[in-house]
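Please look over the model below with the annotated site in mind. My points follow it.

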Amino acid sequence: MTTERALVLGGGGVAGIAWATGIVAGLADGGVDVREADLLQGTSAGSNVAAQLGSGLELAELVRRQVDPELQSREIVPSMEKFAGLWETLSATLAAMPTDSVERRRKIGALALNAESVPEPRRRAVIESRLPVHEWPERALRITAVDAGTGELRVFDKDSGVALVDAVTASSAVPMVWPCATIGGVRYTDGGVRTSVNADLATGFARVLIIAPMPDAELEAQAAGLVAAGARVEVIVPDEAAIAAFGLNPLDSATRVPSLEAGRAQGKTEAERIAAFWRD
């Protein structure tokens, strides 16, 4: 049986959280409330946005939490050198491996487990400050992470027995930047280690809206697979203004306000297209 609508949110750092929040706000400005989705699914930055959207807070309050210094999350900003070094190391190590393979995920997991980073509790506190509500909502919410040891994908939900803050911390554990998250004795790394959106997990939904802050080599194929399974699919990716707002380091908290504003403006321009898809 096909369920109706899924909202799938991909990874993209602090900038991606702000931009995706802006997209949702801009769509709402244009009369399209995608928070009504039957499923909220998030990977990495998207896990934070999905949890925030599922919190029950008004959208205006979620926007304020991005732009008001008194309400903003307490971020740890990695150096540009550390962020750039992440991509250099991954590119050199993984160039010959298929994008979505267990072997590739195990290799990234090993790099993540051996990297120096901040203590786990300090990183978890950042996620606590991002989430306005720390309990799972009753509605369907899925959060992805990857077992750093085995490379296997894990999907957390309210029935998984894992606290929401822990699930989002695991999903947001950018390898070689943030520490792997320990849950039940298992070390988890970022859900984006599989693919930055994991859109194929929404198979079975009739309409799937994908908000993807960062490039994903698997996204086109995953969207095609959803269509082949009977879904209607729409994708929103950053426009030029959003890319400029992200800057060179999307993990920098200084990107929040410009990324939110760029996302909101883009969401308004996308509202008519998405309305025709989301409502009929």
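1. Basis. This is a predicted model, in which local features need pLDDT of at least 70, side-chain atom pairs count only at pLDDT 80 or more, and totals for chains, interfaces and linings use all residues. Residues are numbered from 1 along each chain as its sequence is written, and side-chain values use heavy atoms, with hydrogens and water left out.

2. The annotated pair. UniProt, in an unreviewed entry, lists S44 and D190 under "active site". They span 147 residues in sequence, yet no two of their C-alpha atoms are more than 6.0 Å apart, so they gather at one spot. UniProt positions are in the numbering used here, feature names are shortened, and annotations may be inferred rather than shown by experiment.

3. S44. This residue sits in the loop between β2 (39–43) and α2 (45–53). Helices (H or I, at least four residues) and strands (E, at least two) are DSSP runs, numbered from the N terminus. S44 is buried, at 9% relative accessible area. Buried means under 20%, exposed over 50%, partly exposed in between (1.4 Å probe, protein chains only). Beyond neighbours within four places in sequence, S44 contacts G11, S171, S172 and D190. Contact means heavy atoms within 4.5 Å.

4. D190. Strand β6 (residues 186–190) holds D190. D190 is buried, at 5% relative accessibility. Leaving aside neighbours within four places in sequence, its contacts include S44, A145, V146, S171 and S172.

5. G11 is in contact with S44.
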